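Thanks for coming, everyone. Please have a look at the model on the screen, and then I'll walk you through it.

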Amino acid sequence: RAVRAQPRDRHDPEQAGVVSKAIDAQFENSDAQTHTETEQAFAAGFIAMAGNLALLLNTIGLAVSFTILLVTANTMSMAVRERRTEIAVLKTLGFGSGKVMGLIVAESLLLGAIGGALGILASRGLVWMLTSTPGITDMLAGLGLSSLSLPPVVAALGFGVALFLGLAAGFMPAYSAYRSKITDMLRTV
């Protein structure tokens, strides 16, 4: 005996549950049982198989941010170490320790701002490439993503993180230059 669903409209999304139950009931006692679900439910189940994807991506993001912090801090430390003589001359000419520290922090913030801007431009270029490539566009549409974009809030957050990393990376070398004495810096020549 065949079970037939009689939806009012074949394209009515409200009837998806009734139709899927009717299809599953029809094949219930056969060798090829079915599990009927909507395309959105299938996509959600497929993504759920990846586990806690948000935690994984956040962990990777934190690891990358920490690595960028270490690289930027190393760059700023080397820059200050190589310019010890110039910093001593600036202090000799009357630049206060606070101004010297401010210059070093400003340089570090500039590095962070340039890195953040390049990252945003690269992200926008990658999003444009993904949305323009025919095969990838079809795949995104199959996952229910009609459009892919870089929201301004995310771009601003990324730029803010880049500025913070620049500030954090430059603070210790700048503080070291702030505390150093002119005679000690000139002696290392």
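Let's start with one residue. Ser-108 is found in helix H5. A word on that label: helices are DSSP runs of H or I with at least four residues, strands are runs of E with at least two, and both are numbered from the N terminus.

Before going on, some ground rules. This is a predicted model, in which local features need pLDDT of at least 70, side-chain atom pairs count only at pLDDT 80 or more, and totals for chains, interfaces and linings use all residues. Residues are numbered from 1 along each chain as its sequence is written, and side-chain values use heavy atoms, with hydrogens and water left out.

Back to Ser-108. Is Ser-108 buried or exposed? Ser-108 is buried, because its relative accessible area is 0%. The cut-offs are these: buried is under 20% relative accessible area, exposed is over 50%, and partly exposed is in between, with a 1.4 Å probe and protein chains only. Which residues does Ser-108 touch, leaving aside neighbours within four places in sequence? They are Met-76, Gly-166, Leu-167, Ala-169 and Gly-170. Contact here means heavy atoms within 4.5 Å.

Now zoom out. The protein chain has eight helices and zero strands. Along the sequence, the pattern reads α-α-α-α-α-α-α-α. There are 189 residues in the protein chain, and 17% of them count as buried. Take the contacts with a separation of 6 or more: 68% of them come from residues 24 or more positions apart. The chain exposes about 13800 Å², and carbon and sulfur atoms supply 66% of that. Those areas come from the Shrake-Rupley method with a 1.4 Å probe; for residues, only the protein chains shown count as cover.

The largest pocket has a volume of about 720 Å³. It has 23 lining residues, and those closest to its centre are Ser-65, Ile-68, Gly-158, Val-161 and Ala-162. Which helix gives the most? That is H7, with eight residues. By class, the lining of the largest pocket has 12 nonpolar, 11 polar and no charged residues. For the classes, Ala, Val, Leu, Ile, Met, Phe, Trp, Tyr, Cys and Pro count as nonpolar, Asp, Glu, Lys and Arg as charged, and the others, Gly among them, as polar.

How are these spaces found? On a 1 Å grid over the protein atoms alone, a cavity is a set of points where a 1.4 Å probe fits but cannot get out; a pocket is an open set with protein on both sides within 12 Å along at least five of seven lines; lining residues have an atom within 4 Å of a point.

There is one cavity of 30 Å³ or more. The largest cavity has a volume of about 40 Å³. Its lining is Val-80, Arg-84, Ile-87, Ser-176, Ala-177, Ser-180 and Met-185. Helix H4 (84-92) and H7 each give two or more residues to that lining. By class, it has four nonpolar, two polar and one charged residues.

On to the rings. How many aromatic pairs are there? The count comes to two. The rule: rings of Phe, Tyr and Trp (its six-membered ring) pair if their centres lie within 6.5 Å; planes under 30 degrees apart are stacked, over 60 edge-to-face, and the rest tilted. Phe-171 and Tyr-175 are about one helical turn apart, because they sit four residues apart in helix H7. Phe-171 is partly exposed, at 40% relative accessibility. Tyr-175 is partly exposed too, with 34%.

Tyr-175 also pairs with Tyr-178, stacked, at 6.1 Å centre to centre and 20 degrees between the planes. These two are three residues apart in helix H7, so about one helical turn separates them. Tyr-178 is partly exposed, at 37%. Together, Phe-171, Tyr-175 and Tyr-178 form one aromatic cluster.

Last stop: Gly-96, in the loop between H4 and H5. Gly-96 counts as partly exposed, at 32% relative accessibility. Gly-96 and Tyr-178 are 82 residues apart along the chain, yet their C-alpha atoms are separated by 8.6 Å.

How values were computed: Grid points are joined across faces, edges and corners, and a volume is the space filled by probe spheres set on the points.
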